[in-house]
Amino acid sequence: MDLNILIAGEAGQGLKTIETILGKTLFRMGFQIYTTRDYMSRIRGGHNFVKIRIGKGDITGPAEEIDVLLALNEEAISQHKQDLKEDGIIVLDGQIAREDIYQLINIPARKIANEVNSKALNTVFVGAVLKVLNLKIAEALKVIKEHFTDKKLQEDNMILLKEGFKKADGKFSLPKIEDNDEQLFIDGNSAVALGALAAGVKFFSAYPMSPSTGIMNYLAAKQKEQGIVVEQAEDEIAAINMTLGASYAGVRAMTATSGGGLALMAESVGLAGITETPLVIVDVQRPGPATGLPTRTEQGDLLFSINIAQGEFPLMVISPRDSEDAFYQTFRAFNLADKYQLPVILLSDQFLADSTTNINHYNLNSLKIETSLITDGESVKYEDYKRYQITEDGISPRAYPGQLSGEVVLVDSDEHDENGDIVESASARSNMVDKRMKKLVRIKQELKEPVFFGQEDINYLIIGWGSTYGPILEARKLLMEDGYKIGYLSFTDLWPLPEKRVKKIITPDIKVVVVENNATGQFAQLLKGQLGITSDYRMLKYNGRPFSGREIYQRMKEEVII
């Protein structure tokens, strides 16, 4: 089973409300759901759409073909009619009368809503779509009661849901599914925020920047409940420096931004490097340069993240695969930043951030917070504290200011000795650089090798990283059904780059295809430069939209396998 609903209209027409109510209702009925958003950078107007893909257990990305087009205006039809399946239908307001070849279900939504509550017009469409799918509305009524806290709004929306349901006809027949008590329905930004909460974040500072803002919104809504401070800074430079200050003071801290904001934060990432202050930065990538396409997706910040600041210092770059992975990788980022006293950059993107899907409940029992901070118990007997003490593994003792009685706190962006005093000695400089870089030896032992899907006798190996995980997984399945022997390696740890598994799998007779959402094949460059692995083909996409599984499948057959 694989059914795709596309809801299209202008910004300000309430697409997100339809997505939320319809998506959550279908999820609770037990279906596998994958929703994606395509929206313009404006408050009102423009052409926006939401896709809700419905399946049964194996939906890992968006689809292209449409079964149900819910058109909130005329443009929605002209923009998407070419993707409508032969047996697909268009649901639209009766006031937009059309006489053409499409199967239409006219719903006089505006007329119905005006008699109850004109602002709740879209709930009429939710009811209509549920009827088109031959589903019941009981679960949707529960979702409405949860979504609207105002009693009057609850009642109005429930009335309109029922009215919309009455006006439509059944078209599709979906299989009976058991409920989803064992799963969550969550988007990528919320998953990152939840991972930070599980890791014990106590301070978050950011400047709002699409598409990263959802992380701040989620944490701000939870700050009283979870006992954290969320600060909206005046700009990204202030945001990262507040985060650095909080981390230096001994609390777990994080900031989040998108490409342009990360550029502003660059020097402070270097400050974290030389002061060896733990720092977690989330970069929800969008197409650049400059403002670029602020509400679209891209994987264009990889090489920038790795080379973000002047000088040489250890840092880590991790890119989560999906919402489930985003939770665990965020938790892990805090541990790694803390243990090794360095910056960790999480590379998400708009596709992952704004996609909502089913995932298994997080296993909190598997999580353990690890830190290098001296405990208050240890602090009373601590002697000869040197913040930048040269150690065998490069990791120095770390106390928060004021924790050790009689110790003066010294920290500076200049090079320093073991006590933190500024130095310019050639030998002291070399010793301190060597100390910091030694951390990489232990970090490399903690790297996560890429996940491999496949068998020994593959002819083609697809390599991807981060959010391309789901679409590539679907493409591989389609290619396997056609009889091709395809392997797939999905990377999350990008810097330092794990090398054992990829070197073991690649042999001279296997064609290597690297799939990326950027124009220059940044990960392919990394594979070549770091591991000497040359890709036979780079499948790139840089129009601001994510890959779909079928798109990769078709391009593999047209451009690679031939």
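This is a predicted model: local features need pLDDT of at least 70, side-chain atom pairs count only at pLDDT 80 or more; totals for chains, interfaces and linings use all residues.
Local features require pLDDT of at least 70 and side-chain atom pairs count only at pLDDT 80 or more, whereas totals for chains, interfaces and linings use all residues. Residues are numbered from 1 along each chain as its sequence is written, and side-chain values use heavy atoms, with hydrogens and water left out.

Strand β14 (residues 356-360) is largely enclosed by the rest of the structure, because 4 of its 5 residues are buried (buried, under 20% relative accessible area; exposed, over 50%; partly exposed, in between; 1.4 Å probe, protein chains only). Strands (E, at least two residues) and helices (H or I, at least four) are DSSP runs numbered from the N terminus, and two strands pair if DSSP finds at least two bridges between them. Strand β7 (residues 183-187) runs antiparallel to β14 and is joined to it by 5 bridges, with Q183 opposite N360. Strand β2 (residues 32-38) is also antiparallel to β14, through 2 bridges, and Y34 stands opposite T357.

The structure holds 28 salt bridges, each defined as a side-chain nitrogen of Lys or Arg within 4 Å of a carboxyl oxygen of Asp or Glu. In one of these, the closest N and O atoms of D2 and R53 are 2.5 Å apart. This pair links strand β1 (residues 2-11), which contains D2, to strand β3 (residues 45-55), which contains R53, across 51 residues. D2 is partly exposed at 37% relative accessibility, whereas R53 is buried at 4%.
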